[in-house]
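Have it open and follow the points in order.

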Amino acid sequence: MKVITYHYVRTSQQSLPYFKYLHLEDFKRQISFFKKKYGFVDYKGIDNIKDYHLGPEVILTFDDGLRDHFTNVMPILDAYNIKAHFFIATLPYIEYRLLDVHRVHYLIGALGGSELLRKLSKFVDLSQFEEKTNSYALQQDNRHALLVKEILNYQLDTEYKEKILSFMMKDVFGDEKKMAQSVYLSCDEIKILNKKGHLIGGHSHSHSLLSNLSSGELKYDLQINYDFLKDILLEPPVGFCYPYGKKGTYNNQTIDALKSVGYTYAYTVERSNLKEGFSRNMFELPRMDTNQFLHGIASTGANSQIC
């Protein structure tokens, strides 16, 4: 069984010449490919994955609660009668801004990695940061964009990072509250997805590196995410996926906290099939990326590479 991870699914954007996304036409082609080659796990299987038989089928998962998933993805799922799993981070609904990880994506998308790195150099001494790109080794991106992501997502102090990103977002995009409303699902759209039979899971509140949080910070972050979604859905969210998702971005404390909140399983982004015996480790379920399969290569800005 394969569990596939998606993020941005959209058409080209002239205003974001460096933005990376899966083109909607490629998504359509990939879904058709999956249907012919593997088939899809039904709702009961996604909801009760521990007891589902291992076969060739695919589970589709969509991270971050993006508006793309309602306007672009949902009609395709409806057409094929596919049920999927959507994982929602909740900070945008409370602080009315983009998650930091998406701030970085949009700033790179607008400016390019080289220009954003130049702007970042006004705030931090770049020489103190190692150019570690292991976290993004399998992404199609330029070296400067990779370095920006490494610094802002993994190495820079969280509080200082948020101040820098807030300044840059206002400078480049203006009204971030209005922007957040266009980037993310509304609460009503989350409800509609749920009523259509799709599963809604947690993705933390702040999309932070959970392994860096104190015990109290971790409990707060996971609980506010769980409670917010429960209030919207009138039922507990189902399943969790870790922000960033690689080993080291979560730890045993994270897993214990997830269990205490009420989750029974969680997905990583370790690229592997679900294999025999996976149920012995339900809090480290692997997922594969769309770019590992036919029609899954990212497009950039207005230069779509439909394949």
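1. Let's start at the end of a helix. H5 is followed by glycine 112, whose phi is positive, near 90°. Helices here are DSSP runs of H or I with at least four residues, strands are E runs of at least two, and both are numbered from the N terminus.

2. A word on what you're looking at. This is a predicted model, where local features need pLDDT of at least 70 and side-chain atom pairs count only at pLDDT 80 or more, while totals for chains, interfaces and linings use all residues. Residues are numbered from 1 along each chain as its sequence is written, and side-chain values use heavy atoms, with hydrogens and water left out.

3. How many of the residues of H5 are buried? The count is 10 of its 12, so the helix is mostly covered (buried means under 20% relative accessible area, exposed over 50%, partly exposed in between, with a 1.4 Å probe and protein chains only). Among the buried ones are Val104, Tyr106, Leu107 and Ile108. The cover includes strand S2 (9-10) and helices H6 (113-120), H7 (143-155), H8 (158-173) and H9 (176-183).

4. Now the nonpolar cores (sets of buried Ala, Val, Leu, Ile, Met, Phe, Trp, Tyr and Cys residues joined through side-chain atoms within 4.5 Å). The largest has 69 residues, and those with the most contacts inside it are Tyr6, Phe27, Phe34, Leu60 and Phe62. Helix H5 (residues 100-111) gives this core its largest share, six residues. Apart from it lies another core, of 31 residues, including Ile46, Leu199, Ala257 and Phe278.

5. Take a look around phenylalanine 34. Leaving aside neighbours within four places in sequence, it is in contact (heavy atoms within 4.5 Å) with Ile4, Tyr6, Gly39, Phe40, Val58, Leu60 and Phe293.

6. Next, charges. The whole structure has 16 salt bridges, each a side-chain nitrogen of Lys or Arg within 4 Å of a carboxyl oxygen of Asp or Glu. One network of them links Glu95, Arg97, Asp100, Arg103, Lys161, Glu162 and Glu176.

7. Which residues does arginine 97 form salt bridges with? One is glutamate 95, with the closest N and O atoms 3.3 Å apart; another is aspartate 100, at 3.0 Å. Arginine 97 counts as buried because its relative accessibility is 11%, whereas glutamate 95, at 42%, counts as partly exposed.

8. Aspartate 100 also bridges to arginine 103, where the closest N and O atoms are 3.1 Å apart. The two sit three residues apart in helix H5, so about one helical turn separates them.

9. Finally, a sheet. Three strands make an open sheet in the order S2-S3-S10, with mixed pairing (strands pair if DSSP finds at least two bridges between them). S2 and strand S10 (299-300) are the edge strands, each pairing on one side only. S2 and strand S3 (residues 20-23) run parallel and are joined by two bridges; valine 9 has leucine 22 in S3 as its bridge partner.

10. Across S2, S3 and S10 lies helix H1 (residues 24-37), running at about 50° to S3. Axes are lines fitted to C-alpha atoms, for helices over the stretch in contact, and angles run from 0 to 180 degrees between N-to-C directions.
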